[in-house]
Amino acid sequence: MTFSMKTRTTEIEQLKTEKLDLLVIGGGITGAGIALQASAAGMKNALIDMQDFSAGTSSRSTRLVHGGIRYLKTFDVEVVAETSQERAAIQHIAPHVTRPKPMLMPIYDEPGTTFTMFSVKVAMDLYDRLAGINDSDYLNKYANYTLDKAQVLDLEPQLNSDKLVGGGVYLDYLNNDSRLVIENIKKAHDLGGIMVSHLKAVEILHDETGSVRGVKVEDMITREQFDILAKVVINAAGPWSDLVKDLDDQHDASHSQMRPTKGVHLVVDQSRLKVPQPTYFGSGTNDGRMIFTIPRDGKTYFGTTDTDYSGDLTDPKVDQDDVDYLLAIINKKYPTAKLTIADVESSWAGIRPLIVEKTAESEVDAVSGASNAGNDTAASAVSRGSSLKQAHDGLITLAGGKLTDYRKMADGAMKLIVKILNQQFAGKFKTVDSSEIQVSGGDFDSTNAENILNEYVQDVMKHGINAKEAQRLVHLFGTNYRQIIEDIDNTQPAAGLSIAETLCLRYSLNEEMTLTPGDYLFRRTNNLLFNHDHIKDLETGVIKEMSQYFGWSAAVTKFHQDQTDKLISESELAYLK
């Protein structure tokens, strides 16, 4: 089934005339997870987002599915148990974009250190037990172990040896965040859902009884406004959750739930910072933060910061303070690197949708039905958990959480949605086992993923594509690689693009609702972040190909050229350099 600008036009007409069982506002990972389960359950559902899918938080994470081992220090065992187990569940349903990878944690004898050599072994053993690693033949090969100082330095010679006492190695998972979103959304669409990007909610609609009955939306491409009617509306807008609730005139706008914070990551070439495997260590600044350094596609990226944020949610910027903070830590941990801002090839800033646990008078707990009004917490008590609330007019809001929790969050939301549809609208829906719904491109044996993906790579190489591009294509698109290369013998490379890039772009235009160069270069392929050496050539080729595909005028082409130039310039930190 195609999923493109053409299907968008058709499906918008459906939205104007059909009443939905469920409308999801927000096309990040949380909304995508809900939409997939709703489609699998047979609901007439739609998902809308005012930007591209995953354009907010869900394309700006640390690109890990991790269980939060550091929370064991504060005895948050239940949280770690759920998230550590969830890593394997996500790898099972999306094995081409989520892969197990041992994480190195060097241990330093310094103030504010998260773990000692003794406590890290205890934590790793508990972590493995909570994750079920010792009970799984597949995962047992990833059981944790400790290293002495010399062994750590053998692995990472650039690490600072001063006060280094050893390290631990334990399992975590690498992830491609924006690909995980689009593969969920494509699967939801394949199962009958209507998925429309660049469609903005502008007003929550009510029936004569005051109950939510739908949403007025604006098409951000044509600027047309129209109503979408739905029995149930769920707000899964991440950092924008409060803004969506404010579209409901029955919502008390004085009660804000979100406390957004900004996380920043910087990318350098591996020739400047060589990190052979993902590494995780305390900041060494006694601020309680942990820092990741992660190798990817010949680059190394590192982060993250964690600062309160009150600026533009759609375009968060990396500030000089962010750069100074990260470079100071990295240069202390890797003193021979001597990184400066000139070494930063690309970057990204993302907003975490953290919640302040308080409930407005117009809301009730979605599970118990009890009101928590007036039960405000201190401003510093920012939750990293999730919140599922239903307002008295019926609007559901699912906020907070982490990427690792997205499937479980969607499970909780679906239980509530099924209950409402069955009790209030005589529905006959049942919840589905989302742990067995493999996303688009992920329909193969996850317990043998590495070997299977290598077989796919060899298959692609048989068609004349080099090993590097073949591996990248397979890891981006999974089993959909077959559709991408099926017409390779009759395809000529587009001007300025390799045959592999040409095929990927054309597939993405036809099957992934790619509407702008930024959609493709940033969120569908990550070229913007990890292919800095060729990004300007790729930009030229992609814009020319998309201009021909969409029939853009010279003025529209220039608009997209300017927008893409701006995107690349900001990622390169030209405004700071």
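Which residues in α15 meet which residues in α17? In this predicted model, Pro517, Tyr520 and Leu521 supply the α15 side. From α17 come Ile535, Leu538, Glu539, Val542, Ile543 and Met546. By class, this contact has 8 nonpolar residues, no polar ones and 1 charged.

**Two helix pairs**

Two packed helices are described by the angle between their axes and the distance between the axes. The table gives both values for two pairs.

| Helix pair | Angle between axes | Distance between axes |
|---|---|---|
| α15 (517-524) and α17 (535-550) | about 135° | 9 Å |
| α2 (29-40) and α7 (177-190) | about 25° | 8 Å |

With an angle of about 135°, α15 is oblique to α17. Their crossing is right-handed.

The angle of about 25° between α2 and α7 falls under 35 degrees, so α2 counts as roughly parallel to α7. α2 passes α7 in a left-handed crossing. On the α2 side, the contact is made by Ile29, Ala32, Gly33, Ala35, Leu36 and Ser39. On the α7 side, Leu180, Val181, Asn184, Ile185, Lys187 and Ala188 take part. The residues of this contact divide into 8 nonpolar, 3 polar and 1 charged.

**Helix α17**

α17 has 16 residues, and at 1.5 Å a residue they should span 22 Å. The end C-alpha atoms are 22 Å apart, which agrees.

Which residues of α17 are buried? They are Ile535, Leu538, Glu539, Gly541, Val542, Ile543, Glu545, Met546 and Ser547. The buried residues of α17 pack against α14 (499-511), α15, α16 (527-530) and α18 (554-571). An α-helix has 3.6 residues a turn, so residues three or four places apart point the same way. After α17 comes Gly551, with a positive phi near 70°.

**Backbone exceptions**

Most residues other than glycine have a negative phi, and most peptide bonds are trans. Some places in this model depart from that.

Arg63 is not a glycine, yet its phi is positive, about 60°. Arg63 sits in the loop between β2 (45-48) and β3 (64-65). Its relative accessible area is 0%, so Arg63 is buried.

His198 also has a positive phi, about 55°, although it is not a glycine. His198 is in the loop between β7 (194-196) and β8 (199-206). Is His198 buried or exposed? Its relative accessibility is 15%, under the 20% cut-off, so His198 counts as buried.

The peptide bond from Gly303 to Thr304 is cis, with omega near 20°. Thr304 lies in the loop between β14 (299-303) and β15 (307-308).

Technical notes: Residues numbered from 1 in each chain as written. Predicted model: local features only at pLDDT ≥ 70, side-chain atom pairs only at ≥ 80, totals over all residues. Heavy atoms only, no water. Axes fitted to C-alpha atoms, helices over the stretch in contact; angles between N-to-C directions. Helix = DSSP H or I, 4+ residues; strand = E, 2+ residues; numbered from the N terminus. Parallel < 35°, antiparallel > 145°, perpendicular 65-115°, else oblique. Left-handed = near helix turned anticlockwise from the far one by under 90°. Contact = heavy atoms within 4.5 Å. Nonpolar A, V, L, I, M, F, W, Y, C, P; charged D, E, K, R; others polar. Expected span 1.5 Å × (residues − 1). Buried < 20%, exposed > 50% of the residue type's maximum accessible area, 1.4 Å probe, protein only.
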